[in-house]
Amino acid sequence: MTQLKSPEELDNYRQTLSSGRDANMPCISICAGTGCLAYGAAEVIGAFKAEIEKQGLTAKVDTKGTGCPGYCEKGPVVVIYPEEICYLGVMPEDVPEIITQTIVGKKVVDRLVYSDPDSGEKAIHEADIPYYKHQKRFLLSSNTLIDSRSIDDYLLINGYSALSKALFQMTAEEVVDEVKKSKLRGRGGGGFPTGRKWEGSREAPGEVKYVLVNADEGDPGAFMDRALLEGNPHSILEGLIIGGYAIGAHEGYIYVRQEYPLAVENIKLAIEQAEEYGLLGKDILGSGFDFTVKVHQGAGAFVCGESTALMTALEGRAGEPRPKYVRSNVKGLWNRPSVLNNVETWANVPLIINRGADWFTQYGTQGSKGTKIFSLVGKITNTGLVEVPMGITLRDIIYKIGGGIPGGKKFKAIQTGGPSGGCIPETLLDLEVGFDELTEAGSMMGSGGMIVMDEDTCMVDVARYFIHFLADESCGKCVPCREGLRQMDRILKKITEGRGEEGDTKTLEELSELAIDASLCALGKSAPNPLLSTLRYFKDEYEAHIKEKRCPALSCKELISYYIDPEKCLACLACMRKCPVDGISGGKNRIHVIDQEKCTSCGTCLDVCPAKFDAVVKYSGEPVPPPIPEEKRTIDRKKKK
Amino acid sequence: MSKKIHLQIDGRDIEAEEGMTVLEAAHSAGIKIPTLCFHHELEPWGGCRLCMVELEFGDWTRLVVSCVYLVEEGLVVKTRSLKVDKTRKGILELLLAHAPDSPQLTALAEEYGADRNRFEQDASFCIHCGLCVRYCAEVAEKHALGFIDRGIRKEISFIPEIAAKECNDCKGCFPLCPTSYLQAAFVLVESLAFPRNGK
Amino acid sequence: MEAERIDQIIDEHQGAPDLLIQVLLAIQSEYNWLPKAALQRVGEKMQVPLSRILHIATFYNAFSLVPKGRHKVHICMGTACHVRGAPRILDTVQDLTGIGAGETDLEFKFSLETVNCIGCCALGPVIDIDGKIHGNVSTRDTADILEQYD
């Protein structure tokens with residue numbers, strides 16, 4: 001492959017690729033993202049290749065392992081082009097039928113297409129599936145079209161055309177202006193106007209500048225950056241090079257968290273390929289612009305997602321944040337102007353350059369333009385990634401796209417913004433999603449994690465979870481964060497274990513104020529948010545824990561007891577076998593009784609008790625009924641019918 | 001001759017030099033701001049947050065760490081205010097849970113009304129001012145001790161092989177420790193972990 | 001642990017101090033832990049103080065200063081997994097293996113760690129064993145999953 005040394009050469013090569021591909025040739029795309037791989041996608045891909053060979057169709061059908069489309073609930077996801085027939089939950093056993101029926105016979109395999117859980121209505125094509133219908137998938141839709149490890153596939157979907165346009169048809173200032181005009185705001189959490197950040201670096205003094213990709217994605221519950229980086233690494237690379245050109249940086253760094261090995265592999269491959277094609281390195285496309293990129297792996301620290309900590313880690317040190325009185329776009333990595341943006345922010349750049357800022361601003365709200373990818377997870381029917389225009393309501397995301405709460409349970413709260421965000425209750429579900437709207441409600445956009453919680457989720461436990469997480473991940477440098485979180489962690493532990501005292505919530509509020517006012521970095525400053533939002537909207541749960549030693553959600557281990565209802569137990573032995581501490585007595589025809597002394601409240605008995613018996617019950621705030629006397633424990637089978 | 005900057009601290013007009021921190025400017029004018037992790041021979045660190053002051057910008061205010069914040073023309077600084085005092089009191093109470101008998105902390109506690117029994121006593125009396133680690137790295141340049149781990153598990157730790165060779169002739173960090181945790185840690189590592197028989 | 005191999009790893013990263021973490025990740029990956037002798041060699045060759053190396057080795061989750069077991073069991077404790085019952089999974093695994101998070105058993109068979117989000121949030125609760133992801137795990141599955149490993 002000789003390097004492409006002009007926009008014309010790029011276009012010609014793209015043309016050659018295009019004419020070399022038969023648009024009518026069937027192509028089977030199987031999602032090969034980390035999630036579907038866990039479901040067995042690799043075996044499915046293998047099964048397709050084997051079956052195609054077996055039926056002698058190798059020259060007539062293409063198969064591709066692609067990036068994550070986001071419908072993780074129904075993985076492994078397979079899309080057959082050109083018809084765009086979408087099959088869900090595909091297993092290796094289904095493969096021969098798909099090849100015979102759909103590829104050869106041009107018929108749809110009914111049982112594998114989407115079926116509405118209520119009406120039974122089927123949706124054959126990707127675009128008709130309700131989950132996708134309400135989304136605007138400008139970023140994610142590319143994932144199913146390309147093999148993540150193929151630069152040619154990326155070129156075929158017009159990849160690197162934005163770079164070509166920026167380098168040859170726009171000045172660096174015009175690129176910055178276009179991004180400013182688009183009103184793009186950082187997708188990593190801060191929501192800072194991207195164009196302004198770029199402008200600050202462009203104008204800052206200094207010869208050497210840097211553009212950086214924050215692919216640390218430490219927010220638990222968030223995995224959109226993973227899907228983008230694994231699925232379409234070239235899109236991020238293209239955005240980064242354009243950014244380098246815009247601010248006058250010739251070096252870029254991609255900081256990827258170590259927990260994403262596939263993303264690291266795919267982006268490193270993408271860099272090699274781009275260098276081979278002359279799209280990276282010296283004199284890109286003959287423009288005279290030089291740019292190189294290096295990949296740094298994280299080593300497991302949430303705080304390294306904070307911009308100054310990330311830069312400290314890039315310098316080869318422990319990721320302790322620095323006081324940021326001079327912005328890092330002026331003094332950042334090695335004290336030089338550095339633009340650090342999130343993966344999703346960079347992915348939006350080629351779109352904005354190609355389609356224009358005016359196109360971008362038609363989507364979203366006044367203050368939040370464009371789309372945002374959210375990871376919709378937790379107690380929700382359709383878990384996965386959703387890309388929606390800003391301004392859609394939370395209600396629509398949860399019910400229209402998410403399919404509501406499974407198991408007939410009641411919605412309780414949706415937590416957004418990761419450990420820096422808060423919990424939003426049902427009364428605010430008509431909130432239009434946007435940076436400012438979420439902040440006003442006591443939460444935050446954050447990187448886009450949306451964790452749905454139902455009636456079984458204890459909100460005091462949620463607060464404890466986040467404080468504990470942050471106490472573990474804090475760098476430990478400053479007092480308000482380290483010591484504040486230490487004490488808050490202790491108090492919340494006490495409360496969830498039934499040792500809460502009058503005055504505890506007041507202390508929590510004071511420690512929160514101290515952390516917000518005096519912490520060194522955003523981790524400490526935003527740490528109290530989940531706690532404060534739960535105190536704001538779920539005060540009654542705190543009162544129950546402290547005053548009544550009761551957990552309303554029946555969740556906190558130390559406050560609940562498990563009891564087997566002797567009226568319902570049919571002595572099937574299931575719980576006896578599975579109890580990890582051998583704490584259930586009984587036998588065939590002998591009612592099972594939990595020994596409360598041995599019970600660790602693990603919940604296994606509740607898990608395994610067959611649904612038709614439903615004999616295990618949780619108590620909180622009151623003692624369980626005493627065990628029935630031995631004589632009454634024998635079951636008379638005839639009576640129980 | 002560096003540029004002169006004019007700012008106001010506690011109502012007084014102060015002239016400082018460009019590149020000075022607010023703390024340095026205050027000190028040069030004889031205005032007291034409490035510190036813990038600051039030392040004139042070491043790079044400002046911004047860890048204890050005790051030196052935080054309130055900046056006024058018309059209607060709104062901002063708390064900043066004075067040992068790091070550089071002076072700006074026209075800055076209006078308050079070294080004491082409701083917010084500042086509340087913050088300092090909170091910090092002191094959190095630290096007193098570790099080292100209730102530290103002379104420096106108890107003196108400040110009295111000034112700010114901090115209650116040493118507000119929080120449950122913690123086993124470790126290190127307050128993480130970092131003076132020892134930074135002194136050894138920046139002044140003594142021996143790197144005989146450092147930080148390990150992070151968050152609530154963070155600690156200082158001597159490196160036995162280096163400490164055995166260097167510390168007894170130096171001990172330059174000893175007078176800096178506000179709680180004597182440093183000396184205790186040294187004695188422990190000396191008796192338990194120093195290499196024996198010249199290994 | 002051969003000093004030559006350590007030197008090789010350092011040379012692959014041009015001995016540049018800002019690549020210190022990358023060097024340590026390579027050593028951790030190869031030896032399953034960071035032997036002290038390796039750290040001393042890194043300090044000498046890359047001209048960085050041992051105190052900085054030890055801070056990094058203890059600051060980041062990826063590193064271990066003691067040898068790990070043959071099978072690395074990582075239980076995700078991210079928010080989505082937490083809400084779906086991850087703490088109960090952790091308890092059950094601890095009961096079954098006899099070790100707590102951060103520990104390795106006496107036969108060096110299992111090393112148990114909690115991870116603050118693997119990124120497979122839609123499949124929660126998730127257990128990652130040696131890179132293989134087990135999703136939608138319930139307490140009753142855990143014994144069967146662990147039995148697959150010797």
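1. Two residues are taken to be in contact if their C-beta atoms, placed from the backbone, lie within 7 Å. The structure is a predicted model.

2. A:I242 belongs to the largest nonpolar core, which has 288 residues. It is listed there among the residues with the most contacts inside that core, together with A:Y255, B:L95, B:C132, C:L24 and C:I75. Helix α18 of chain A, residues 459–473, gives the most to this core, with 10 residues. A second core of 15 residues is separate, and A:Y562, A:A571, A:I591 and A:A615 are among its members.

3. Where chain B meets chain A, 22 residues of chain B are in contact with 23 residues of chain A. On the chain B side, β4 (60–65) and α2 (82–96) each supply at least two residues. The largest share, six residues, comes from α2(B). By class, this side of chain B has 12 nonpolar, six polar and four charged residues.

4. The contact between chains A and C takes 49 residues from chain A and 41 residues from chain C. Elements of chain A that give two or more residues to this side include β9 (292–297), α13 (307–314), β11 (371–378), β15 (449–454) and α25 (604–608). Helix α18 of chain A is also one of these elements. The most, four residues, comes from α2(A). The chain A side divides into 20 nonpolar, 19 polar and 10 charged residues.

Technical notes:
Residues numbered from 1 in each chain as written. Chains lettered and ligands numbered in written order. Predicted model: local features only at pLDDT ≥ 70, side-chain atom pairs only at ≥ 80, totals over all residues. Core = buried A, V, L, I, M, F, W, Y, C linked by C-beta atoms within 7 Å. Buried ≥ 20, exposed ≤ 12 C-beta atoms within 10 Å, placed from the backbone. Nonpolar A, V, L, I, M, F, W, Y, C, P; charged D, E, K, R; others polar.
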